[in-house]
Amino acid sequence: MVMLTPGGQDAALPASRSLHACCAARNGAGVLIFGPSGAGKSDLLLRLVHAGYDLVADDRVLLADGVACAPAPLRGMVEVRGWGLVRMPFVERARAYLAVALIAPGGEETAMAPERSPRPETHEPSGLPLLRLNGFHASAVARIDVALDCVAPAPLRGRIGVMSLGDI
């Protein structure tokens, strides 16, 4: 892990796109978390870090050629709602393999029963496979683990051992 002070400089990055999102990484495989304000992006990010993921970015993600990082002033910072910004160990960057779209609590979508076998979706701004979920559900971290194992290359998969369709 790398600890940089806010404003620390790193190697020049290719042209990047700034996204309102969070990013965590497991074994170097990044997960981008999107959702409306109050949907639980930072809360889910904290739970992922507690489960062994590395912090990459909270609130703002710079995405360039599929690689995610935090803007310099936000590196190593996570917002804990009701408490403020907290400094944490982080990794400078991670290749993104999965996008997670959080459903706002109490929103119309939460009232609908999810499909058992939905069609695969792609997150348009990033081009990544998309997982939709309620970030406050107890199984949210486990679902991200399984989804990441389905889309990440074999060397980056976790302890679950799920095979992707390309392995069959």
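Is Asp65 buried or exposed? In this predicted model, Asp65 is exposed, because its relative accessible area is 61% and the threshold for that class is over 50%. Asp65 sits in the loop between strand 5 and strand 6, the latter spanning 67–69. Its phi is near 50°, a positive value in a residue that is not glycine.

Most residues other than glycine have a negative phi. Asp59 belongs to the loop between strand 4 (54–57) and strand 5 (60–64). Its relative accessibility is 37%, so Asp59 counts as partly exposed; that class lies between the limit for buried, under 20%, and the limit for exposed, over 50%.

The chain holds three helices and eleven strands. Read from the N terminus, the order of elements is β-β-β-α-β-β-β-β-β-β-α-β-β-α. Of the 168 residues in the chain, 44% count as buried. Among contacts between residues at least 6 apart in sequence, 67% join residues at least 24 apart.

Strand 2 covers residues 22–26, and five of its five residues are buried. In a regular strand the side chains alternate between the two faces of the sheet. For strand 2, Cys22, Ala24 and Arg26 lie on one side and Cys23 and Ala25 on the other, and both sides are covered. Strand 3, residues 29–34, pairs with strand 2 in the antiparallel sense over five bridges. One of the pairs in this arrangement is Cys23 with Leu32 of strand 3. The two strands form a hairpin with two residues between them, and Asn27 in the turn has a positive phi of about 55°.

Strand 2 also pairs with strand 4. These two strands run antiparallel and are joined by three bridges. Here the bridge partner of Ala24 is Leu55 in strand 4.

Strand 3 is likewise covered. Six of its six residues are buried, so strand 3 is largely enclosed by the rest of the structure. Ala29, Val31 and Ile33 point one way, while Gly30, Leu32 and Phe34 point the other way, and all are buried. Strand 3 is joined to strand 9 by six bridges, and this pair runs parallel. Within the pair, Gly30 stands opposite Ala96 of strand 9.

Strand 9 spans residues 93–102 and includes Ala94. Which class does Ala94 fall into, buried or exposed? Its relative accessible area is 5%, so Ala94 is buried, the cut-off for that class being under 20%. Ala94 and Gly28 are 66 residues apart in sequence, yet their C-alpha atoms are 5.7 Å apart in space. Gly28 is also one of the residues in contact with Ala94 when neighbours within four places in sequence are set aside.

The next element to consider is helix 1. Its buried residues are Lys41, Ser42, Leu44, Leu45, Leu48 and Val49. Seen down the helix axis, these buried residues fall within an arc of 160°, so they line one face of helix 1. Just after the helix, Gly52 takes a positive phi of about 110°.

Helix 1 also takes part in a pocket. The second largest pocket holds about 270 Å³ of space. It is lined by 16 residues, and those closest to its centre are Gly40, Lys41, Ser42, Asp43 and Arg81. Which elements give two or more residues to this lining? They are helix 1 (41–50) and strand 7 (77–80). Helix 1 gives the most, with four residues. By class, the lining of the second largest pocket comprises five nonpolar, five polar and six charged residues.

Methods: Residues are numbered from 1 along each chain as its sequence is written. This is a predicted model: local features need pLDDT of at least 70, side-chain atom pairs count only at pLDDT 80 or more; totals for chains, interfaces and linings use all residues. Side-chain values use heavy atoms; hydrogens and water are left out. On a 1 Å grid over the protein atoms alone, a cavity is a set of points where a 1.4 Å probe fits but cannot get out, and a pocket is an open set with protein on both sides within 12 Å along at least five of seven lines; lining residues have an atom within 4 Å of a point. Grid points are joined across faces, edges and corners, and a volume is the space filled by probe spheres set on the points. Ala, Val, Leu, Ile, Met, Phe, Trp, Tyr, Cys and Pro count as nonpolar, Asp, Glu, Lys and Arg as charged, and the others, Gly among them, as polar. Buried means under 20% relative accessible area, exposed over 50%, partly exposed in between (1.4 Å probe, protein chains only). Contact means heavy atoms within 4.5 Å. The arc is that of the directions from the helix axis to the C-beta atoms. Two strands pair if DSSP finds at least two bridges between them.
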